[in-house]
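User: Hi! Could you walk me through this structure, a bit at a time?

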Amino acid sequence: MRFASIGRYVRVISVIAALFVLLAACGQTSKKAGTDNDDKKASETKKEVVVYSSRTEELIKPAFDAFTKETGIKVSFTTAKEAELQERLKAEGANSPADMLITVDAGNLWLAADAGLLQPVSSDVLEENISDNLRAPDNQWFALTMRARPIMYSKDRVKPAQLSTYEDLSDKKWKGRLGLRTSEKVYTKSLISSMIASLGEKKAEAMIEGWMANDPIIFDSDTDMIKAIEAGQNDVAIANSYYLGRLLKEDADYPVDIFWPNQDDRGAHVNVSGAGITKHAPNKEGAVKLLEFLSGPVAQKSFGELNLEYPVNENVELHEILDGWGEFKRDDLNVSELGKNQTEAVKMADRAGYR
Ligand code: FE
């Protein structure tokens with residue numbers, strides 16, 4: 001019995017010992033697994049974000065560098081023309097290394113979303129920093145800057161009191177005095193799209209016919225169009241404000257000024273630059289962090305200073321040149337409308353003979 005009892009004690013003790021060994025081993029295994037997961041998580045959060053951008057390096061890199069400095073997350077980017085980037089995303093499909101697409105013009109952002117290249121993002125930071133009308137209704141893309149497209153005029157030959165609306169540029173008093181960007185440019189397509197949304201097709205078309213009846217000079221570049229005002233070729237034009245801003249940086253007395261049209265009704269036409277997270281983003285978490293950063297004060301200030309565009313974040317101070325143009329009422333139409341009406345805008349321009 002005793003022996004038997006001792007034997008039993010020994011057996012119990014060895015079972016307990018074995019359990020200890022087992023538990024210790026388990027503990028070690030689970031601890032090891034835990035360490036691996038943490039490492040993996042840490043490396044994934046710190047994994048670089050890959051951006052495809054139709055905006056040039058000098059406009060985006062300072063904001064990316066500031067993001068890396070703050071978060072430790074690297075950003076690698078490829079810049080190319082808009083159409084090329086969208087084609088590349090389509091061809092790469094689920095294998096695309098890209099996490100984010102940055103581009104200009106709501107028309108282009110809308111096309112990217114329409115082609116299924118982007119995905120919706122839910123973020124309180126983005127919703128706080130970027131107002132409703134400056135992002136896609138389904139949050140597939142977000143504006144990062146506003147690009148106002150007002151009327152510009154010769155300070156020597158035009159009095160601001162003679163100007164009022166985009167529609168009024170179809171009045172015959174502007175015959176032979178009007179400069180317009182080609183209708184092939186997305187800026188023009190988006191401007192016409194906004195007219196279709198606000199005025200309806202009939203009035204929008206009548207306006208374009210009126211512009212054409214005024215025998216406008218058609219330009220391939222906003223800068224050339226503004227310089228033509230300086231040179232006396234035309235007296236008024238419709239152009240993005242930052243192009244005049246660049247000329248004013250070189251010469252504060254440049255003889256062209258901005259007139260904010262349609263201040264008694266819908267406001268001046270505003271387009272955007274913006275970004276969306278790609279459909280197959282390998283690092284969505286990092287990309288959302290970057291997008292949030294780009295809507296924040298540091299990046300917003302950098303965009304404003306580098307290209308004289310208007311920040312979407314209302315808490316950011318304006319560059320002094322923009323400040324000098326004063327406050328204005330902007331068309332609060334949801335910018336996604338600019339994309340939706342592009343096809344109709346092109347047909348309308350064609351019918352009116354606007355090349
Ligand atoms: Fe531009």
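Analyst: Happy to; here is a short tour, starting with how the model is read. This is a predicted model, where local features need pLDDT of at least 70 and side-chain atom pairs count only at pLDDT 80 or more, while totals for chains, interfaces and linings use all residues. Residues are numbered from 1 along each chain as its sequence is written, and side-chain values use heavy atoms, with hydrogens and water left out.

User: Great. Which residues coordinate the iron ion?

Analyst: The iron ion is held by Y187 (OH), Y242 (OH) and Y243 (OH), at 2.0 to 2.1 Å. Donors here are N, O and S atoms within 2.8 Å of the metal (3.2 Å for Na, K and Ca); water is not among the atoms, so sites may look incomplete.

User: And what spacing do the donors follow along the chain?

Analyst: The spacing is Y-x54-Y-Y. Y187 is in helix α6 (residues 186-199) and Y242 in helix α9 (residues 241-250), so this pair ties together parts that are 55 residues apart in sequence. Helices (H or I, at least four residues) and strands (E, at least two) are DSSP runs, numbered from the N terminus.

User: Are Y187 and Y242 buried or exposed?

Analyst: Both Y187 and Y242 are buried. Buried means under 20% relative accessible area, exposed over 50%, and partly exposed in between (1.4 Å probe, protein chains only).

User: What sits over the ring of Y187?

Analyst: The charged end of K185 does, 4.5 Å from the ring centre. For a charge to count as over a ring, NZ of Lys or CZ of Arg must be within 6 Å of the ring centre and within 35 degrees of the ring normal. R88 lies over the face of Y52 too, at 5.2 Å from the ring centre.

User: New topic: helix α3. Which of its residues are buried?

Analyst: In α3 (residues 82-92), the buried ones are E82, L85, Q86 and L89. They span an arc of only 95° around the axis, which puts them on the same side of α3. That arc is taken from the directions from the helix axis to the C-beta atoms.

User: Why would residues a few places apart point the same way?

Analyst: An α-helix has 3.6 residues a turn, so residues three or four places apart point the same way.

User: What does the buried side of α3 pack against?

Analyst: Its buried residues pack against β1 (49-53), β2 (75-79), β3, α4 (106-114) and β11 (270-278). The face turned away from that side carries the exposed residues A83 and A91.

User: Where is L101, and what does it touch?

Analyst: L101 is in strand β3 (residues 100-104). At 2% relative accessibility, L101 counts as buried. Leaving out residues up to four places away in sequence, L101 touches several others, including Y52, L85 and L89. Contact means heavy atoms within 4.5 Å.

User: Last one: how many aromatic pairs are there?

Analyst: There are seven aromatic pairs. One of them is W260 with Y310, edge-to-face at 6.4 Å centre to centre and 70° between the planes. Both W260 and Y310 are buried. Y310 also pairs edge-to-face with F328, at 5.5 Å centre to centre and 70° between the planes. Rings of Phe, Tyr and Trp (its six-membered ring) pair if their centres lie within 6.5 Å; planes under 30 degrees apart count as stacked, over 60 as edge-to-face and the rest as tilted.

User: What do these ring pairs link together?

Analyst: They link W260, Y310 and F328 into a cluster.
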